[in-house]
Amino acid sequence: NIEERQAGAISGWLVVIVWLVLVGGSLWQVFGNIFIYNRPPATFGFVALPILILLAKGFIILPPNIAAVFTFFGRYAGTLRDDGFYWVNPFYQRLRLSLRVHNLNTPTLKVNDRAGNPIEVGAVVVWRIADTARAAFDVEDYATYILIQTESAVRVVASARWYDGDENGQHSLRADLDKVAQALSDTIQEHVALAGLEIIEARIAHLAYAPEIASAMLRRQQAQAVVAATKD
């Protein structure tokens, strides 16, 4: 795996001053000699201008929470995370990645809980890129990757618990929301660590019995409530 590292960069404000001075001098040697001194333009000016135009490609402006991932002739050269105006190697190829926090809502999934009852479950996940090198190079599309892995994690967590808990009321999807959220967050993090992604929070957003058994389970819950009231 490729690990993120800091890319070398120089303050763009310092470089642009030097660049403007050199451009002005080169233009003077080319056009000043022609129109003012009536003599052939200096060779230095002709050579310097194309080089300065190439060097101008090294200027880059980064807004907050946007990272630039650089490659140099196919090799990873580093990542620039700090916002501002910079100058980097003009031969770098650049890929911009957002470091902002993202929300992901999974589609409603039909899963069998631990008792084998079909349930519908959906989750909301808050995530961001933690390692830009892994996100850029270790997976084909990190946004698609986290969606698929989140759906897989939701199925794993939901199938390991009972909807209303076991006979002792433990391991419930409906009642133990905090424990389920922690288990879901940890499971998704394990799935997406390869892509350099960080899970900030994950919670169940939708939980219900599947329509084909919803009415039967409602009658069962009502019967259980009546029995419990009778015992009291």
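A search of the whole structure, which is a predicted model, finds ten aromatic pairs, where rings of Phe, Tyr and Trp (its six-membered ring) pair if their centres lie within 6.5 Å. A pair of aromatic rings is described by the distance of the centres and the angle of the planes. F59 and F85 form a stacked pair, with 5.6 Å from centre to centre and 20° between the planes; planes under 30 degrees apart count as stacked, over 60 as edge-to-face and the rest as tilted. F59 belongs to strand β2 (residues 59-62) and F85 to strand β5, so the pair ties together parts that are 26 residues apart in sequence. Both F59 and F85 are buried (under 20% relative accessible area, with exposed meaning over 50% and partly exposed in between; 1.4 Å probe, protein chains only). One aromatic cluster is formed by F70, F72, F73, F91 and Y92.

F91 also belongs to a nonpolar patch on the surface, formed with L54, F72 and F73, and these residues together have about 410 Å² of accessible area. Patches are made of residues with over 30% relative accessible area and no salt bridge, like charges being joined within 9 Å and nonpolar side chains (Val, Leu, Ile, Met, Phe, Trp, Tyr) within 5 Å. Accessible areas come from the Shrake-Rupley method with a 1.4 Å probe, and for residues only the protein chains shown count as cover. F91 lies in the loop between β5 (84-87) and β6 (93-98) and is partly exposed because its relative accessible area is 45%.

Residues are numbered from 1 along each chain as its sequence is written. Local features need pLDDT of at least 70, and side-chain atom pairs count only at pLDDT 80 or more, whereas totals for chains, interfaces and linings use all residues; side-chain values use heavy atoms, with hydrogens and water left out.

The chain contains six helices and ten strands, where helices (H or I, at least four residues) and strands (E, at least two) are DSSP runs numbered from the N terminus. Three strands form an open sheet in the order β1-β5-β2, with antiparallel pairing; two strands pair if DSSP finds at least two bridges between them. β1 (10-11) and β2 stand at the edges with a single partner strand each, so one side of each has no neighbour in the sheet. Two bridges join β1 to β5, and S11 stands opposite Y86 in β5.

Seven salt bridges are counted, each being a side-chain nitrogen of Lys or Arg within 4 Å of a carboxyl oxygen of Asp or Glu. In the salt bridge of E3 with R134, the closest N and O atoms are 2.7 Å apart. This pair links the segment before β1, which holds E3, to helix α3, which holds R134, 131 residues apart. R134 is buried because its relative accessible area is 19%, whereas E3 counts as partly exposed at 43%. A salt bridge also joins R81 and E4, with the closest N and O atoms 2.6 Å apart. R81 lies in the loop between β4 (75-80) and β5, and E4 in the segment before β1, so this pair ties together parts 77 residues apart in sequence.

Helix α3 (residues 132-137) also includes T132, which counts as buried because its relative accessibility is 0%. Leaving aside neighbours within four places in sequence, T132 is in contact (heavy atoms within 4.5 Å) with E4, A67, V69, T79, R81, L97 and L99.
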